Amino acid sequence: MNALELSAKLNEVRRHLAASDSAAARAALAKLQKQHADHPAVNQLLCLTAVMRLEYPQALYYAQRAAGADPHSGELLTNLANCLTYCGKREEAIAAYRRALELTPGLRLARQGLAQALHEALRRDEAVALMRELLAEDPGNRDAARLLAEWTLEAALQHEAAALLRGAVARAPDDLKLHTALCSTLNYADGVDPREVLAAHEAFGAAQERAVGAAVPRAARPRAASEKLVVGILSGDLRLHSCASYLEPLMEHLDRNEFRLVAYYNEPDEDAVTARFKRLADLWRPIARLGDDEAAAQIVGDRVDILLECHGHTRGQRFGVLQRRPAPLQGTYLGYPNTTGLRAVDFRIVDSKTDPAPRADALAVERLIRLDPSFLCYRPPRESPDVSPLPALSSGAVTFGSFNATAKLTERMIRVWTEVVRAVPGSRLLLKHFGMKDPSVRRSLEERFARAGMPAGGVELAPPHEGRADHLGMYARVDIGLDPFPYHGTTTTCEAFHMGVPVVSLIGDVHAARVGLSLLDSVGLDHLAVDSEEGYVRAARSLAEDIPALAALRSSLRARLASSPLCDGKAFAARLGAAFRALHDQRLADQSARGGSSG
C-alpha cells in the first residue's frame with residue numbers, strides 16, 4: 001500500500017471515529033494493522049478506537065507503540081498521557097504531559113490534560129490557574145470551560161460555576177456536554193429562579209433534538225392478560241454506588257408474574273454488587289461499549305415496553321439512546337432531582353411531598369407520577385456497624401454533622417449552620433466528603449465559616465473513608481444531622497437514620513429542596529422539616545437541649561426506618577408496578593382513540 005492509499009484509509013478510520021462507529025473503525029484498522037503494525041498513525045487510531053470502547057489497558061498499549069514509533073511528537077505523547085490518566089497512572093501522566101509541552105510548547109490538549117491530571121492529584125490551585133490561562137487565551141474552549149466550572153462547583157462556588165457555564169452555552173448552543181453541566185449545576189445554586197432552571201433543561205432537550213432528530217413515538221404493543229410487560233432499567237449504577245441502595249429492592253420485588261426485567265448496564269466495570277443485580281435481572285445487557293444506535297437497537301430487539309433511565313443529568317447518562325425512542329414508554333427516576341428537559345421522556349417518578357401539584361407539574365417536561373407515600377425505597381448497607389451510643393453522653397458536647405458533597409455547601413447554608421453551632425454552646429460541626437481531601441478546598445471553606453462567625457475550632461472538615469463500614473462508623477461521632485439546602489441529601493439522610501442520627505431539613509420550593517421532607521415524613525419525623533432559617537436553628541437547638549430524648553431517639557431510629565415505607569420493598573414495587581401497568585394501558589387507550597399508532 002503506497003502512502004496515498006494509506007492516507008486515504010486512515011482518513012476513512014477517522015470518519016468512522018467521528019461518527020462514533022467504533023466497530024467500523026476497528027474493522028478498517030484490522031487490515032491496516034497487518035501491513036503497518038509499527039506505523040504511529042495506525043497505532044494512534046487503534047488507541048482512539050480502544051478509548052471509545054472504554055478498553056483502557058489496550059488503549060495504553062497502542063498509545064505507547066505510537067509514541068515509541070515517533071518519540072518527538074508532542075501530540076502522540078499527549079495521547080499517551082491521556083491513556084496513562086485513564087489507567088490511573090497519574091504521576092506518569094503528569095510527566096508525559098510535561099514532556100509533550102517541552103516538545104511542543106503551548107500545545108492546548110497537553111496543557112488541558114495536565115490541568116486535569118493536576119486536579120486529580122489534589123493540586124487544585126495549579127490546575128485552576130492553568131485552566132484559567134487556557135480560557136483567557138481561548139474563551140471558546142468548551143472543555144476548559146466545562147472542567148473549570150466542575151472544579152469551581154466542587155469548591156462550593158455554585159454561582160461562579162453557573163456563570164461560567166451560562167457563558168459557555170451561549171457561545172456553543174449545540175454542545176450537549178455544556179448544556180447538561182449547566183442543568184446539573186443550577187440545582188446547587190441558591191436563589192436561582194426555577195423557571196430559569198426549567199428553561200435550561202428545555203434548551204438541552206432542544207439541542208439533543210437538533211443533534212439526533214425529533215423522537216418518533218413507538219407504538220405500545222397490546223398484551224394478553226397473562227403476558228408480561230417488559231421493563232428495561234437503564235443505569236450505570238448497578239454496582240457499589242448510592243443509587244444501588246434504591247434500585248436493588250425495586251428489582252428484587254417487582255412482580256415477575258406481571259413483568260420481565262431487563263437491565264441495561266452502562267458501566268464497563270463490575271463488582272460484587274453488580275453480581276447481585278445480574279441475579280435479579282431476567283436479562284442482563286451490558287451497553288457501556290455500545291454506541292447510542294447500537295444500544296437503542298438492542299432495546300428495540302428486546303421488545304421493551306417501558307424503559308426507565310436512572311441518571312438524569314449526571315455522569316453516565318444515555319440521553320442519546322432515549323432520543324432514539326427505543327421503547328413505547330420512557331421514564332426517568334432516582335438519580336437526578338429535576339426534569340430531563342427531553343420530550344422523548346414521558347414520565348418522571350416523584351411523590352406528593354417532593355413535587356406537590358400543580359406547581360411542580362409546570363416545572364417538568366415529563367408527566368409526574370407520584371408514588372406516595374414516598375418515591376424512594378432504601379436498602380441499608382449489609383456491612384453496617386451497630387448504632388453507637390449518643391456521643392454527647394460521653395463527650396458532654398453536641399456534634400452536628402453532614403456528610404454531603406462539598407458542591408452543596410452554599411454561602412447561606414454556611415451562615416445558618418454557623419448560627420446552629422453558636423445557638424448550642426460548646427457544640428461543633430463535623431463535615432466529611434471526598435472534596436475535603438483537597439487542601440485548597442478545605443482552606444477556602446474554613447475561611448468562609450470564619451467569615452460567617454463560626455467559633456474557633458467549631459468546624460472540622462474530614463476526608464472520606466475508603467470502606468462503607470468505616471464511612472458509616474463516622475456517625476458514631478455525630479449526634480444530629482444537618483441537611484444541606486437548597487440541594488438536600490438523600491442517601492446521606494437515609495444512612496444517618498440507619499445509624500440513629502436524626503436530621504434537620506429546610507423545606508424549599510423544588511424537588512431537590514423537598515426530599516428531606518419526604519424522607520423525614522416517612523419515618524415520622526416530619527416536625528424536623530421546617531420552612532424557615534429560624535425554624536431550622538430552633539429545631540436543631542431543641543434536639544440538642546434534650547439529651548435523654550435524643551439518646552432514646554438514637555436507639556430507636558434504625559428500627560423505625562426499617563419498619564417505615566422507606567424500607568418496604570414489596571409495597572414500593574407493587575405501587576411502581578401498578579403505575580407501569582396504568583401507563584401502558586393509558587398509552588394503548590390513547591392509540592386506540594387516535595385510530596392508529598406510530599412507530
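Reader: Which helix gives the largest share of the lining of the second largest pocket?

Author: That share, three residues, comes from helix 12, which covers residues 194-212, where helices (H or I, at least four residues) and strands (E, at least two) are DSSP runs numbered from the N terminus. The model is predicted, so local features need pLDDT of at least 70 and side-chain atom pairs count only at pLDDT 80 or more, while totals for chains, interfaces and linings use all residues. Residues are numbered from 1 along each chain as its sequence is written, and side-chain values use heavy atoms, with hydrogens and water left out.

Reader: How much space lies in that second largest pocket, and which residues are closest to its centre?

Author: The second largest pocket holds about 560 Å³ of space, and of its 33 lining residues the closest to the centre are Pro-194, Pro-486, Asp-509, Val-510 and Ala-513. On a 1 Å grid over the protein atoms alone, a pocket is an open set of points with protein on both sides within 12 Å along at least five of seven lines, a cavity is a set where a 1.4 Å probe fits but cannot get out, and lining residues have an atom within 4 Å of a point. Grid points are joined across faces, edges and corners, and a volume is the space filled by probe spheres set on the points.

Reader: Switching to cavities, how many of 30 Å³ or more turn up?

Author: The search of the whole structure finds one, and the largest cavity has a volume of about 90 Å³. Among its 14 lining residues, Gly-401, Ser-402, Tyr-475, Thr-492 and Ala-496 are the closest to its centre.
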